[in-house]
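Thanks for coming, everyone. Let me put the structure up, and then I'll walk you through a few pieces of it.

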Amino acid sequence: MGFPFVGEAFGFFTSHKSFSIGSFLQERRSRYGKVFKSYMFGSPTIVSCDLELNRFVLQNEGRLFQSSYPKPVRDILGKHSLLLITDVELHKKRRSVQLDLINKFKCTPNFLDDVDKLCVSLMESWRGNKLVLFANQAKKFTFDLMLMNLLGMEPGEPLGLQLLQHFLTFMEGFVSIPINLPWTPYAKAVKARTRISSILKQVLKAREHDEILLKGDLSDEEKASILLDLLLAGYETTSGLLSLLIYFLAQSPQALKKLKDEHHAIRRKKKEGEPLNWEDYKQMKFTIMVINETLRCGNVVKFVHRKAIKGVEFKGYHIPAGWKVLPILSAVHLDPSLHENPSEFNPWRWNDPATSKKVITFGGGSRLCPGSELGKLEAAFFLHHLVLNYRWTMKEDDYPTLYPYMDFPRGLLIALEAETTKF
C-alpha cells in the first residue's frame, strides 16, 4: 500500500508517455489483474483498468459513486466548480446551464465562420516562419476560441490577454506539487484563480442581459465558476488534442495522405476563400476517425476521481463504502485484449463500429464532457486549413507525457514548409 498517507501516489504519478500506461500500472496489472487495491491521497483506493467496471462507476454517479477530488484540486478550482459538486440535483442544474451556453454560441449564425476565420488567421501568422513551438500556439488558439465564443472577446483584446496570462499561471499550478507557500506554482495558481474570477465578474456585469446565466438564480461567484470550468475544459482538452494530432500525423504518412485527399476534395467544391460550413464538416469522415484515434492513443485525460457512497458488489469485487475509486481511462484505451496493437496510431480501426464501445475518452454518465463534440469540430476545421497550407516535421525528440495531465515536455517544436500541392 506504499508510504504513510501518500501511499503509492508517487509511483502512480511517475511521468510516462501518454500512449503507454506507465511502469507502475503495468507492474500492478501484471501482478494483480485489471482491478487492484492501493492507498493514495490519504485513502484506501480501488484502481480500475477494467472497461466494464469503469463504465459502471461513471454511469452510477450519484447513486453508488460520487466525485472525490483531493483537497489541493478543490482549493484551486473553488467550491462552485462543476467538477467538484456532489449534489446530484445541483450538478444537473449547473451542467444544464453549461450546455445551454455551449448550444447558444453553437447556434449563432457566425459561429462556424468565426472558427474558420480564427483557423485562417493562425495559418497566416505562420507565413515565413520555419520553426513553431506548437504546444504554446495550440493553447493560445483554443483560448482565443473560448474567449470569442463565451465572452464575445476578439483575439488580442487587453482583458483577454490578461486572462490568458493568469490562466497560464493557473494551469502551471494545477499540475504542480500542492505546497502552499507564496513562491510555489501551487500558491500562485490559487491567487491566479482569484484574479481570473475577478475579471470574469467584470465581463459578466457587461452581460447582465444574458438570460442563460440569469435563469439559474446564480451568484456572481457561481457564474464566474461556470465560465472558468468551460474555459478550463476547452483550453486543456482541445489544445492537447491539437498537439497530439500534429505529433501522430507527423509519424503516419499514410494517414496524413488520406486526410489531405479528403480535405482537397472538400476544398475543390468551394470558391476561393469560402469558409467551411456544416455540410463540409459532415463530409470529414476520415478526419473524425483521425481525431477519435488521437484521443484513444494520446489520452488527454488519464483518470478521474470517484468515491463509493455505499458498499458496492460488481463482477465479484467488493468496493467498501468510503473508498476512493480511480477509473483509469488510458488503461482501457491501451488494453491489448480490447485493441489490436493498442499503442499503434491506426485511424482505420474506427471503421469497426465496435471500437467506439471500447473507449471512454470524455468520461461518461452525468459527467460526460459537455463540449466534446465542439472540440472535435474545432479540431476538424483546424486540420482542414493545416493540411492544405503546410507540411511539417518534428525538430526534437519530443513526445506526449502524462504527469498526470498530458503535455509535451519540450513544447512540440516543428518545422513548417508551405504546401505547394494544388487543390
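What you're looking at is a predicted model, where local features need pLDDT of at least 70, side-chain atom pairs count only at pLDDT 80 or more, and totals for chains, interfaces and linings use all residues. Residues are numbered from 1 along each chain as its sequence is written, and side-chain values use heavy atoms, with hydrogens and water left out.

Let's begin with a helix pair. Helix α5, residues 88-106, packs against α11 at an angle of about 60°, and their axes are 11 Å apart. Because of that angle, α5 and α11 count as oblique to each other. Who makes the contact, meaning heavy atoms within 4.5 Å? From α5 it's Arg94, Val97, Gln98, Leu101 and Ile102, and from α11 it's Glu222, Ile226, Leu227, Asp229 and Leu230. Those residues divide into 6 nonpolar, 1 polar and 3 charged.

Next, α14. Helices here are DSSP runs of H or I with at least four residues, strands are E runs of at least two, and both are numbered from the N terminus. In α14, 12 of the 14 residues are buried, so the rest of the structure largely encloses this helix. Buried means under 20% relative accessible area, with a 1.4 Å probe and protein chains only. The buried ones include Phe286, Met289, Ile291 and Leu295. And what covers them? Among the elements doing so are α11, α12, α16 and β12.

Now α12, residues 253-268. The expected span is 1.5 Å times one less than the number of residues. For the 16 residues of α12 that gives 22 Å, and the end C-alpha atoms are 22 Å apart, so the two agree. Its buried residues include Leu256, Leu259, His263 and Ile266, and their cover includes α11, α13, α14, α16 and β10.

One last stop: Ser43, which sits in strand β3, residues 43-48. Ser43 counts as buried because its relative accessibility is 12%. Leaving out residues up to four places away in sequence, Ser43 touches Ser38, Gly322 and Lys324.

Methods. Buried < 20%, exposed > 50% of the residue type's maximum accessible area, 1.4 Å probe, protein only. Contact = heavy atoms within 4.5 Å. Axes fitted to C-alpha atoms, helices over the stretch in contact; angles between N-to-C directions. Parallel < 35°, antiparallel > 145°, perpendicular 65-115°, else oblique. Nonpolar A, V, L, I, M, F, W, Y, C, P; charged D, E, K, R; others polar.
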